[in-house]
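Here is a friendly tour of one protein model, arranged by topic. Keep the structure open beside you as you read.

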Amino acid sequence: MEKALELRSLGNTGLKLSCVGFGASPLGSVFGPVSDEQAIDTVREAFRLGINLFDTSPYYGGTLSEISLGKALKAAGVPRDKFIVSTKCGRYKDGFDFSATRVTKSIDESLERLQLEYVDILQCHDIEFGSLDQIINETIPALQKLKEAGKIRFIGITGLPLGIFRYVLDRVPVGTVDVVLSYCHYGINDTTLDDLLPYLKRKGVGVISASPLAMGLLTESGPPEWHPASPELKAACQTAAAFCKKKGKDISKLAMQYSLSNKDISTILVGMKSVEQVQANVAAATEVGKDEQTLAEVEEILKPVKNQTWPSGIQQS
């Protein structure tokens, strides 16, 4: 009997998210081609195994991720109130634009691509590349109007440096921003998000943590060429991955379980583009009992580089 995927509350939204969220950027053929058929099978499997959050952006694959996810959700035929879709605005293939005009137009384009009447969460995408004051004074008020119009249910902000969340949340009324999406800050090699969790909880803001594998650092195959981590951090992660492999363990599974263990994080978002990846992620989440010993040994290997982050750079798509 498979253990069911745990559902967790998202801040004050009333939404209950599966603890594993479906990152749909790979459906935009960002990491190699994905056919419509493959996308549909992958999303169907996600539903079958209890995943209910699907996250995308017009930036992923230059709108291809939204189009592909829209087709897959439609083909799955699941009632609309049984799943949660989050997309983003402000970051596009041709650059950043957080103006009220652009984000207002952006949601209509996204809804058309996703074949939906509304999205549950609309997030300002990678706000550190824009003006934070514009986000506060122009973008978020525009999103509030979209909320009133019923096109979106909740408002979020995303980015890499953790300081941006405090900056914005300290300057908008409590309850204006419902969700933050942080990435690469809650995993075996970096737990800096932990320090921010009590603050976010006080503000009633839900937390989505993405990239538990640190954009490929915590995988057997290693990160992509363009990965911005230091050579020292890359080398330590490579050593840890080789150590796990030698023991017959998978570092990605350990990393996923580590990230899932903090219940103050509503969901761990991980990119998926195949039925096998969905199964592996859900298996990691539903397995009873972690391999504490191997985890401790990996933590020891990564200790010298713990919480070493990298500057926010424009990621390759």
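How many salt bridges does a search of the whole structure find? The search finds 20 salt bridges, where a salt bridge is a side-chain nitrogen of Lys or Arg within 4 Å of a carboxyl oxygen of Asp or Glu. This is a predicted model, in which local features need pLDDT of at least 70 and side-chain atom pairs count only at pLDDT 80 or more, while totals for chains, interfaces and linings use all residues. Residues are numbered from 1 along each chain as its sequence is written, and side-chain values use heavy atoms, with hydrogens and water left out.

**Salt bridges**

- Side chains of opposite charge can pair when their charged atoms come close.
- Arg48 and Glu45 pair through their side chains in a salt bridge, at 2.9 Å from N to O.
- Because Arg48 and Glu45 sit three residues apart in helix α1 (residues 36-48), about one helical turn separates them; helices here are DSSP runs of H or I with at least four residues, strands are runs of E with at least two, and both are numbered from the N terminus.
- Arg48 is exposed at 56% relative accessibility, whereas Glu45 is buried at 9% (buried means under 20% relative accessible area, exposed over 50%, partly exposed in between, with a 1.4 Å probe and protein chains only).
- Glu109 and Arg102 also form a salt bridge, with their closest N and O atoms 3.3 Å apart.
- Glu109 counts as partly exposed, at 22% relative accessibility.

**Lys88 and its surroundings**

- Lys88 belongs to strand β5 (residues 84-89), and its relative accessibility of 1% means that Lys88 counts as buried.
- Its salt-bridge partner is Asp55, with 2.5 Å between the closest N and O atoms.
- That pair links distant parts of the chain, as Lys88 in strand β5 and Asp55 in strand β4 (residues 53-55) are 33 residues apart.
- Asp55 is buried as well, at 3% relative accessibility.
- The side chain of Lys88 makes a polar contact with the side chain of Tyr60 at 3.2 Å (a pair of N or O atoms within 3.5 Å; within protein, one must be able to donate a hydrogen and the other to accept it, and residues adjacent in sequence count only if both atoms are side-chain atoms).
- A polar atom of the Lys88 side chain also lies 3.0 Å from the backbone oxygen of Thr56.
- Not counting residues up to four places away in sequence, Lys88 touches residues including Ser106, Leu122, His125 and Leu181, where contact means heavy atoms within 4.5 Å.

**Helix α4**

- Helix α4 (residues 132-148) has 17 residues and reaches 23 Å from its first C-alpha to its last, close to the expected 24 Å, a span taken as 1.5 Å times one less than the number of residues.
- At Thr139, shortly before the proline Pro141, α4 has a kink of about 35° (the angle between axes fitted to the seven residues ending there and the seven starting there).
- Among the buried residues of α4 are Leu132, Ile135, Thr139 and Leu146.
- These buried residues of α4 pack against β5, α3 (100-114), β8 (119-124), β9 (152-159) and α5 (163-169).
- Gly150 follows α4 and has a positive phi, near 80°.

**Leu269**

- Leu269 is placed in strand β12 (residues 267-271) and is buried, with a relative accessible area of 6%.
- Its contacts, not counting residues up to four places away in sequence, include Phe22, Leu53, Asp55 and Leu181.
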